[in-house]
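Subject: Structure handover

Dear colleague,

I am passing on the structure below, and after it you will find notes on what turned up when its atoms were examined. Please read them with the structure open beside you.

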Amino acid sequence: MKISYATLCIMVTLLLVAQTELSMAVTCNALQLSACASAITSSNPPTSVCCTKLKEQRPCLCQYLKDPNLKKLVNSPNARKVADTCGSPFPTC
């Protein structure tokens with residue numbers, strides 16, 4: 001059974017891409033959003049750290065909205081304002 005060089009290269013590339021995507025998967029951790037606490041609970045603008053963390057945790061926001069302990073904070077008007085300011089609007093859940 002012969003495998004062409006091109007086929008082998010494509011297979012290796014696909015494996016590397018899949019491995020990279022797995023290593024870039026988000027770990028949902030609501031504590032990562034603590035950098036945004038002052039911006040969400042006051043009129044302070046979000047910091048760059050807050051915006052970075054918010055963008056990293058964006059795929060998790062729907063999960064956080066299902067948690068009764070987090071929903072009130074994550075779904076607040078200020079939280080949505082912070083998300084908009086950071087250029088990371090809430091996903092449609």
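This is a predicted model: local features need pLDDT of at least 70, side-chain atom pairs count only at pLDDT 80 or more; totals for chains, interfaces and linings use all residues.

Residues are numbered from 1 along each chain as its sequence is written, and side-chain values use heavy atoms, with hydrogens and water left out.

Phe90 does have a charge over its face, since Arg80 lies there at 4.2 Å from the ring centre (the rule asks for NZ of Lys or CZ of Arg within 6 Å of the ring centre and within 35 degrees of the ring normal).

Turning to the helices (DSSP runs of H or I with at least four residues, numbered from the N terminus), helix 3 spans residues 48-57 and has Cys50, Cys51, Leu54 and Gln57 buried, that is, under 20% relative accessible area, with exposed meaning over 50% and partly exposed in between (1.4 Å probe, protein chains only). Seen down the axis, the buried residues of helix 3 fall within an arc of 135 degrees, so they line one face of the helix; the arc is taken from the directions from the helix axis to the C-beta atoms. They pack against helix 4 (61-66) and helix 6 (77-85), contact meaning heavy atoms within 4.5 Å.

In helix 6, Ala79, Val82 and Ala83 are buried, and they cover an arc of only 100 degrees around the axis, which puts them on the same side of helix 6. On the other side of helix 6, Pro77, Lys81, Asp84 and Thr85 are exposed.

The count of salt bridges comes to one, given a side-chain nitrogen of Lys or Arg within 4 Å of a carboxyl oxygen of Asp or Glu. Glu56 forms it with Lys53, the closest N and O atoms being 3.8 Å apart, and the two residues, three apart in helix 3, are separated by about one helical turn.

Finally, Val82 touches Ala39, Ile40, Pro46, Cys50 and Leu54, not counting residues up to four places away in sequence.

Best regards
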